[in-house]
Amino acid sequence: MAGCGAQSPEPAGDTIACAIGTGADFAEVCTLERVAGSPQIVIHHPDGGFRRLTYDPATGTLVPLDGAEPVVLEEGQGVLQFAIGPDRYRLPREPAAAPTP
């Protein structure tokens, strides 16, 4: 029997540190996708899950979209560290901005 469907391509973006699930340690296994022309970002988990958020650079506020749980900011040196439910993430300070060469 053939496979159930085509495998999804890897999401485009920068690799970031995340800790997916209760008690998980941070690892560089998530992908940060910046939505062109928008303050939205999508964080892709290695298991295919994702979090869609919007970022306001004026206030530094992250707002979850798609009915996600609230964002809880954590202490992080030089990065924007936060949790949504049991999952934790470390992003560049301005995650919606494109990286500079």
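Tutor: Take His45, which touches Ile20, Cys30, Phe50, Arg51, Asp87 and Tyr89, leaving out residues up to four places away in sequence; touching, or contact, means heavy atoms within 4.5 Å. This is a predicted model, where local features need pLDDT of at least 70, side-chain atom pairs count only at pLDDT 80 or more, and totals for chains, interfaces and linings use all residues. Residues are numbered from 1 along each chain as its sequence is written, and side-chain values use heavy atoms, with hydrogens and water left out.

Student: Where is His45 found, and is His45 buried or exposed?
Tutor: Look in the loop between β3 and β4. Strands are DSSP runs of E, at least two residues long, numbered from the N terminus. His45 has 10% relative accessibility, so it counts as buried; buried means under 20% relative accessible area, exposed over 50%, and partly exposed in between, using a 1.4 Å probe and protein chains only.

Student: How do I read a sheet, and what is the strand order here?
Tutor: Strands of a sheet pair through backbone hydrogen bonds, either parallel or antiparallel. Two strands count as paired if DSSP finds at least two bridges between them. Here the open sheet has eight strands in the order β5-β4-β3-β2-β1-β8-β7-β6, with antiparallel pairing. β5 (61-64) and β6 (71-74) are at the edges with a single partner strand each, so one side of each lacks a neighbour in the sheet.

Student: What about the faces of a strand?
Tutor: In a regular strand the side chains alternate between the two faces of the sheet. On β8, Asp87, Tyr89 and Leu91 make up the covered face, while Arg88 and Arg90 are on the uncovered one.

Student: Which ring does the charged end of Arg90 sit over?
Tutor: The ring of Phe26, with the charged end 3.6 Å from its centre. The rule asks for NZ of Lys or CZ of Arg within 6 Å of the ring centre and within 35 degrees of the ring normal.

Key. Helix = DSSP H or I, 4+ residues; strand = E, 2+ residues; numbered from the N terminus.
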